[in-house]
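Biologist: I'd like to learn how to read a model like this one, feature by feature. Could you walk me through it?

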Amino acid sequence: MTASATIPRTMKAVVLTGHGGLEKLVYRTDVKVPVPNKGEVLIEVSACGMNNTDVWVRQAAYGTDEDPKAPSSWRRGGTTLTFPRIQGTDSVGRIVAVGAGVDAKRIGQRVMVDFSIYNAEDDSLADCDYIGHGRDGGYAEYLTVPAENAHVVRRPMTDAELATFCCAYLTGEHMLDRARVAAGERVLITGASGGVGSGLVQLVRARGGIPYAVAGPGKEDQVKAIGAEAVVTRGKGDLVAEVAKATGGKPIDVVADLVGGSMFNDLLRILRAEGRYVTAGAIGGPVVELDLRTLYLKHLEMHGSTQGTRGAFRRLVGYIEDGKINAILAATYKLSDFHRAQTEFMNKGFVGKLVVVPDAKWDLASKRPAA
């Protein structure tokens, strides 16, 4: 291992000790600092964004094919999750050591981590895992990742701002890839105030598409300011009629759904004939009612989507550096205050992303480095 300076033997981290409530997340000060293996880098973490997957994995809320209410972690057919586990996918920090085979010149680079663990040489996601599940993640002072997953980002934004992109925006970009969203197409985005949803609004614009949003009461103006063409208030009136009003009767080409639940069949009704539906979440309920006649008579396409490819992540870095997408940072929390941070995350009273910062880095969280 080649290191930049003295690296401590132990670190502070939030450790998931099992499935259950918040009590299963333990803030520890004696966790062993990992050592980078061949082809890996050691990152001193400065910020890490929060995601729904953290909560669902802790709660074992993914169900099984046989029983949607059965306790199950991510990767329902068989899990790589072991306890204790450090979660956290959206890691940002600086490389402080490298393993064998990695150029020592990488030490000192500020990087954003592609959280996907790719188990195929190409961009196939059929057997994909992720950092924070199959291996330890960024709710800690240090983590190791494959060197290819550590991407330098040269845009002068704070580390906390940079930590808003990783999981949410890669998820959104892959959704748009799956649905083949093109310039000029109208995309209806549900859950548009959350991390993935607010990212989708910007990502649709980056492609030249026209985003329309569904968001909770009181969040309409903020979502509109992000870039939505119009915002429909969730739960207000008839969804089909409200969307038609918002678009002026123009057709919706693609629905990018993060909610599911009771609105699912209405979303298919909203789509034009030969429209495309894509989902990467189910915060409104994973078990839905489907009128198959809507699906087959309109010749609709349906796509499931999770995570994203190497190519999509490189594209995301380009969008960030070109200023095509911007951070929507709602709040930051100290790592030692993790229970409060995840409680606020689950309450969903914010627009954009919440980020946690190691206590030792707290004073630097809002510092903006030079380009």
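**Reading the model**

Biologist: Before we start, what should I keep in mind about the numbers?

Modeller: This is a predicted model, where local features need pLDDT of at least 70 and side-chain atom pairs count only at pLDDT 80 or more, while totals for chains, interfaces and linings use all residues. Residues are numbered from 1 along each chain as its sequence is written, and side-chain values use heavy atoms, with hydrogens and water left out.

Biologist: Which ring does the charged end of K348 sit over?

Modeller: For that we want NZ of Lys or CZ of Arg within 6 Å of the ring centre and within 35 degrees of the ring normal. K348 has its charged end over the ring of F345, 3.7 Å from the centre. K348 also has a phi near 60°, a positive value in a residue other than glycine. You'll find K348 in the loop between α10 (338-347) and β18 (353-357); helices (H or I, at least four residues) and strands (E, at least two) are DSSP runs, numbered from the N terminus. At a relative accessible area of 30%, K348 is partly exposed.

Biologist: Now the inside. How many residues does the largest nonpolar core have?

Modeller: In soluble globular proteins, nonpolar side chains tend to be buried together. A nonpolar core is a set of buried Ala, Val, Leu, Ile, Met, Phe, Trp, Tyr and Cys residues joined through side-chain atoms within 4.5 Å. The largest one has 53 residues, and M112 and I320 have the most contacts inside it. Helix α3 (residues 166-178) gives the most to this core, seven residues. The core draws at least three residues from each of domain 1 (10-164 + 328-366) and domain 2 (168-304), with bounds that come from an automatic or database domain assignment. Apart from it lies another core of 26 residues, including I86, A140, F338 and F345.

Biologist: What does I320 touch?

Modeller: Contact means heavy atoms within 4.5 Å. Not counting residues up to four places away in sequence, I320 touches M112, V153, R155, M157, L162, F165 and I325.

Biologist: What about polar side chains? Which side chain does Q307 make a polar contact with?

Modeller: A polar contact is a pair of N or O atoms within 3.5 Å; within protein, one must be able to donate a hydrogen and the other to accept it, and residues adjacent in sequence count only if both atoms are side-chain atoms. The side chain of Q307 meets that of S116 at 2.9 Å, and it also reaches the backbone oxygen of D129 at 3.1 Å. Q307 is buried at 4% relative accessibility, in the loop between β16 (301-304) and α9 (310-321).

Biologist: Can you give me strand examples to compare?

Modeller: T144 lies in strand β9 (residues 142-146) and is buried at 10%; its side chain makes a polar contact with the side chain of R135 at 3.0 Å. R272 lies in strand β15 (residues 271-279) and is partly exposed at 25%. A polar contact of 2.6 Å links the side chains of R272 and D253.

Definitions and conventions: Buried < 20%, exposed > 50% of the residue type's maximum accessible area, 1.4 Å probe, protein only.
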